[in-house]
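I set out to record what I looked up in this structure, entry by entry.

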Amino acid sequence: MSVNVLLSASQDEKDAQTVLIPVASIDKIMTTLKKVLTSIDFDVDHWQVSNIDKAAWYQVRFSVLRNIFIMTLVISVVMFYFPSILQRSYMLLFFIIMMVITAILILKNTLTITDQKLGFNQELVYIQRSNGFSKEGYYIRRDKIQGVRESGFITVFRKKALHLDVIVRDGNGHHIIHLRYVPQSTVNHFKQWMNTGL
């Protein structure tokens with residue numbers, strides 16, 4: 001993996017993000033970080049339940065339904081404006097492409113939920129998620145978090161879950177970390193930790 005240390009107090013735009021460790025073994029990352037950043041405790045001692053039961057299924061279902069809607073709209077437009085494309089060979093090719101896209105979506109969305117983690121200690125939070133097919137982990141000090149945003153349809157609220165966005169200061173701007181289908185109790189613990197600590 002590679003490790004980036006974000007210098008939010010940097011005056012120079014070029015130094016806003018510094019690559020500390022371009023390539024390192026996963027089992028040596030914590031030891032190396034503790035040697036370089038001696039003032040920070042990286043041990044997470046309060047792990048939270050990061051997603052609800054069947055969260056992967058809900059994530060896949062939403063993504064597939066959304067893409068079916070988009071593809072139906074595209075097909076309708078194509079049928080109306082370009083009816084000659086509806087030949088048998090084109091339809092077979094289109095069906096194969098759709099099957100490949102659906103398989104990739106299912107895999108990507110399953111990884112997004114199963115890789116999701118949230119935990120904190122007295123001074124920082126650890127958030128892990130997948131971005132496509134790469135896993136990202138963030139150690140963020142509490143004073144660097146600008147805010148949190150909760151969202152979700154009524155179907156998500158019925159499951160006592162929320163989508164949680166953590167907004168972090170990054171140079172002169174911000175970075176948003178998205179977590180999906182997070183239990184309401186975990187969101188409450190996280191907000192309590194942000195306001196008062198452990």
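**Entry 1: Glu123.** I looked up Glu123 and found it partly exposed, because its relative accessibility is 31%; I use buried for under 20% relative accessible area, exposed for over 50% and partly exposed for values in between, with a 1.4 Å probe and protein chains only. Glu123 sits in the loop that runs between strand 4 and strand 5. Helices (H or I, at least four residues) and strands (E, at least two) are DSSP runs, numbered from the N terminus. I then listed the contacts of Glu123, contact meaning heavy atoms within 4.5 Å. With neighbours within four places in sequence left aside, Glu123 contacts Ser39, Ile40, Asp41, Ile140, Arg141, Arg142 and Trp193. I also noted that Glu123 and Val44, 79 residues apart in sequence, are 9.9 Å apart in space from C-alpha to C-alpha.

**Entry 2: basis of the values.** I note that the model is predicted, that local features need pLDDT of at least 70 and side-chain atom pairs count only at pLDDT 80 or more, while totals for chains, interfaces and linings use all residues. Residues are numbered from 1 along each chain as its sequence is written, and side-chain values use heavy atoms, with hydrogens and water left out.

**Entry 3: the fold.** I counted five helices and nine strands in the protein. Along the sequence I read the pattern β-β-α-β-α-α-β-β-β-β-α-β-β-α. Of the 198 residues, 31% are buried. Among contacts between residues at least 6 apart in sequence, I found that 51% join residues at least 24 apart.

**Entry 4: nonpolar cores.** I define a nonpolar core as a set of buried Ala, Val, Leu, Ile, Met, Phe, Trp, Tyr and Cys residues joined through side-chain atoms within 4.5 Å. The largest has 17 residues, and those with the most contacts inside it are Val125, Ile127, Ile140, Ile145, Leu164, Val166 and Phe190. At least two residues of this core come from each of strand 4 (117–120), strand 5, strand 6 (134–141), strand 8 (161–170), strand 9 and helix 5 (184–196). Strand 8 gives the most, with four residues. Another core, of seven residues, lies apart from it and includes Ala55, Tyr58, Ile113 and Ala161.

Leaving aside neighbours within four places in sequence, Leu164 is in contact with residues including Val148, Ile177, Leu179, Val182, Val187 and Phe190.

**Entry 5: the second largest pocket.** On a 1 Å grid over the protein atoms alone, I take a pocket as an open set of points where a 1.4 Å probe fits, with protein on both sides within 12 Å along at least five of seven lines; lining residues have an atom within 4 Å of a point. The second largest pocket holds about 460 Å³ of space, a volume being the space filled by probe spheres set on the points, which are joined across faces, edges and corners. Of its 23 lining residues, Gln59, Phe62, His163, Arg180 and Tyr181 are the closest to the centre. Two or more lining residues come from each of helix 2 (55–81), helix 3 (88–114), strand 5 (124–131), helix 4 (154–158) and strand 9 (173–183). Helix 2 gives the largest share, seven residues.

By class, I found six nonpolar, 11 polar and six charged residues in this lining. Here Ala, Val, Leu, Ile, Met, Phe, Trp, Tyr, Cys and Pro count as nonpolar, Asp, Glu, Lys and Arg as charged, and the others, Gly among them, as polar.

**Entry 6: polar contacts of two residues.** I take a polar contact as a pair of N or O atoms within 3.5 Å; within protein, one must be able to donate a hydrogen and the other to accept it, and residues adjacent in sequence count only if both atoms are side-chain atoms. Asn109, in helix 3, is buried because its relative accessible area is 4%. Its side chain makes a polar contact of 3.0 Å with the side chain of Gln59.

Ser130 lies in strand 5 and counts as buried, because its relative accessibility is 2%. The side chains of Ser130 and Asp115 are joined by a polar contact of 2.4 Å. The side chain of Ser130 also reaches the backbone oxygen of Leu111 at 3.4 Å.

**Entry 7: positive phi.** Most residues other than glycine have a negative phi. I looked up Tyr181 in strand 9, where phi is near 55°. Lys54, which is not a glycine, has a positive phi of about 65°.
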